[in-house]
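Here is a short report for a reader meeting this protein for the first time.

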Amino acid sequence: MRYKDLFNKKRLKVEIAETPSTVEKGLMFRKHLDADSGMLFKFNKPRELRFWGVNTYIPLSIAFVSPDNKIVKITDIKPLSEKVVSSEEDCNVAIEANLDYFEKNKIGVGSKINVITENDDSIYVIFPID
């Protein structure tokens, strides 16, 4: 992606969860998440992904992403909920953000994502803006 192409995109600053312990913990026990921040979960092999809100105090929306970097499902996770939400198809990435982040930013199923690292080592998920 060229730098000038970033101006017509929405950026979500993310932490990366890719080890078993960071994936298991995710955003648990946090009381706040900045407006344009979230967590990206990376998995080595595509599979049906499952998440829940146990020990999570922040209401979240989660986007499930297929191996071709397209969002295939967006759903919500209620705080402290034991209800499992699932990608329902094989995915290798999930992105958690504040509740309704995707809807408010007109990011939907079929949106393609890119992940970039800036010079200060900040990591962003880049979404197209229609």
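The largest pocket has a volume of about 250 Å³. Grid points are joined across faces, edges and corners, and the volume is the space filled by probe spheres set on them. The lining of the largest pocket has 16 residues, and Val23, Glu24, Met28, Phe51 and Trp52 are the closest to its centre. Helix H1 (20-25) and strand S2 (37-51) are the elements that give two or more residues to this lining. S2 provides the largest share, 5 residues. By type, the lining holds 9 nonpolar, 2 polar and 5 charged residues. Here Ala, Val, Leu, Ile, Met, Phe, Trp, Tyr, Cys and Pro count as nonpolar, Asp, Glu, Lys and Arg as charged, and the others, Gly among them, as polar.

The model is predicted: local features need pLDDT of at least 70, side-chain atom pairs count only at pLDDT 80 or more, and totals for chains, interfaces and linings use all residues. Residues are numbered from 1 along each chain as its sequence is written, and side-chain values use heavy atoms, with hydrogens and water left out.

Next come the cores. A nonpolar core is a set of buried Ala, Val, Leu, Ile, Met, Phe, Trp, Tyr and Cys residues joined through side-chain atoms within 4.5 Å. Buried means under 20% relative accessible area, exposed over 50%, and partly exposed in between (1.4 Å probe, protein chains only). The largest nonpolar core has 16 residues, of which Phe41, Leu49, Phe51, Ile62, Phe64 and Ala94 touch the most other members. S2, strand S3 (60-65) and strand S5 (85-98) each supply at least two residues of this core. S2 gives the largest share, 5 residues. A second, separate core has 15 residues, among them Val65, Ile107, Val125 and Phe127. In soluble globular proteins, nonpolar side chains tend to be buried together.

The protein has 2 helices and 7 strands. Helices (H or I, at least four residues) and strands (E, at least two) are DSSP runs, numbered from the N terminus. From that end, the elements run β-α-β-β-β-β-α-β-β. The C-alpha trace spans about 45 × 30 × 30 Å along its principal axes. Of the 130 residues, 42% count as buried. Contact means heavy atoms within 4.5 Å. Among contacts between residues at least 6 apart in sequence, 70% join residues at least 24 apart.

Two residues show such links one by one. Val115 lies in strand S6 (residues 114-117), and Ile74 in strand S4 (residues 71-77). The table gives a C-alpha to C-alpha distance for each.

| Pair | Apart in sequence | Apart in space, C-alpha to C-alpha |
|---|---|---|
| Val115 and Leu12 | 103 residues | 9.5 Å |
| Ile74 and Ser61 | 13 residues | 6.9 Å |

Val115 is partly exposed, with a relative accessible area of 43%. Leaving aside neighbours within four places in sequence, Val115 is in contact with Leu40, Ile123, Tyr124 and Val125. Ile74 is partly exposed too, with a relative accessible area of 29%. Beyond four places in sequence, Ile74 is in contact with Ile62, Ala63, Phe102, Ile107, Gly108 and Val109.

Key: On a 1 Å grid over the protein atoms alone, a cavity is a set of points where a 1.4 Å probe fits but cannot get out, and a pocket is an open set with protein on both sides within 12 Å along at least five of seven lines; lining residues have an atom within 4 Å of a point.
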